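Trainee: I have a model open and would like to talk it through with you. Could we go over it together?
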Amino acid sequence: MLKQLFTFLLVCVTSMLQGQQALRLATYQYADNDRIKNITPLAGYLQQQCGYTVTVKSYPTVHAFIEAIRNNETDIALINTFGYLLLEASDKKYSMYPALTLSVQEDARDNYKTCLVAVATSPITTLQQIQQYASSTRMMLVAPGSTSGNLVPRLALSSAGIPDADKQFASMEYGKTHIGALQGLLKGDADLAAMGYTEYMKLQKDTTAQRLLRLVWLSPEIPLGPVLIHTQLSRSVQQQIVAALLHIHQDNATALESLKAGWSEAKQATHYIRIKGSYYNTFKKILGKQQDLQRILTQFAN
């Protein structure tokens, strides 16, 4: 009888403590959107499904977010692909693992790609020609923590004989946003720029601007970034989070759509799927040599 009473009290106390626990959901800012509004409905959904208070936070850059992850400031992290690869490449430890990512429908086209675009007056028409004209070309990327606006274009440039873009071009700048890089070309601040293909495609509606630019190269599809979960959460809580996200497209489509609206690359995503770190191995091999990838990751990792 006493044993049963003790077990009952232990369950009650545990439930009370769990009810007081707060899960910290975090992401990173893009341009002037801190994405708090985008992830707040997700926090509400997780709170409802898991029974814990869920707080939200946004960090100003991918690198600031990476540092927060290393400092154990978040339990559930929505990070981009480059950010995850930087975490893995760094010699600094962190206590999270990739559990899920958004899946894009199989017939989706041009969902998440990088493009290299030159001004129409540039002699560059192909990726292979960039090395020849690099020393007289002003290059513009998007931002240090951008997957499609920094990692992927650097990999493409490395495969075309430009392993050190910062030194081999006449100048190298960041446009801060994808539209910023595009505007850099149109304003005459750059001769060649990298950006997300969706941003370039928006330009097709402007025939005047379209005539001023030339598409030089288009990347393969890029996998979306993972949801990282902290290893110090109890196994049951981890399982609750995963289960909730796997069913969010059925249980709370509004929260999922709000989340997707914060990331242009998630526009055609339909639901979450389970993953492991090996999920990104194919992407790591798709552009250039592995030593090029490791060199770029090392450059930005620490």
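Trainee: To begin with the cysteines, how many disulfides does the structure hold?

Mentor: Please keep in mind that this is a predicted model; in it, the structure holds 0 disulfides.

Trainee: And where do C50 and C115 sit, buried or exposed?

Mentor: C50 is buried, with a relative accessible area of 7%, and C115 is likewise buried, with a value of 0%. Both count as buried because the cut-off for that word is a relative accessible area under 20%.

Trainee: OK, changing topic to pockets, what volume does the largest pocket have?

Mentor: The volume of the largest pocket comes to about 990 Å³. It is lined by 42 residues, and those closest to its centre are Y30, R35, H178, S264 and E265.

Trainee: Which elements give two or more residues to that lining?

Mentor: Those elements are α3 (62-70), α6 (147-159), α8 (178-186) and α9 (197-202), and α9 provides the largest share, with 5 residues.

Trainee: How do the residues of that lining divide into nonpolar, polar and charged?

Mentor: In the lining of the largest pocket, 15 residues are nonpolar, 18 are polar and 9 are charged.

Trainee: What about the second largest pocket, which residues line it?

Mentor: The second largest pocket has a volume of about 170 Å³, and the residues lining it are Y97, P98, A99, R235, Q238, Q239, V242, R274 and I275. Two elements, β4 (96-104) and α11 (235-246), each give two or more residues to that lining, with α11 giving the most, namely 4 residues.

Trainee: And how does that lining divide by residue type?

Mentor: The lining of the second largest pocket divides into 5 nonpolar, 2 polar and 2 charged residues.

Trainee: What share of the residues is buried?

Mentor: Of the 302 residues in the protein chain, 48% are buried. As for the accessible surface of the chain, that comes to about 14,600 Å², and carbon and sulfur atoms account for 52% of it.

Trainee: One last thing, what share of the contacts joins residues at least 24 apart?

Mentor: If you take the contacts in the protein chain between residues at least 6 apart in sequence, 77% of them join residues at least 24 apart.

Technical notes
Residues numbered from 1 in each chain as written. Predicted model: local features only at pLDDT ≥ 70, side-chain atom pairs only at ≥ 80, totals over all residues. Heavy atoms only, no water. Disulfide = S-S within 2.5 Å. Buried < 20%, exposed > 50% of the residue type's maximum accessible area, 1.4 Å probe, protein only. 1 Å grid on protein atoms, 1.4 Å probe; cavity = no way out; pocket = protein on both sides within 12 Å on 5 of 7 lines; lining within 4 Å. Points joined across faces, edges and corners; volume = space filled by probe spheres on them. Nonpolar A, V, L, I, M, F, W, Y, C, P; charged D, E, K, R; others polar. Contact = heavy atoms within 4.5 Å. Areas by Shrake-Rupley, 256 points an atom, 1.4 Å probe, with all protein chains shown as cover.
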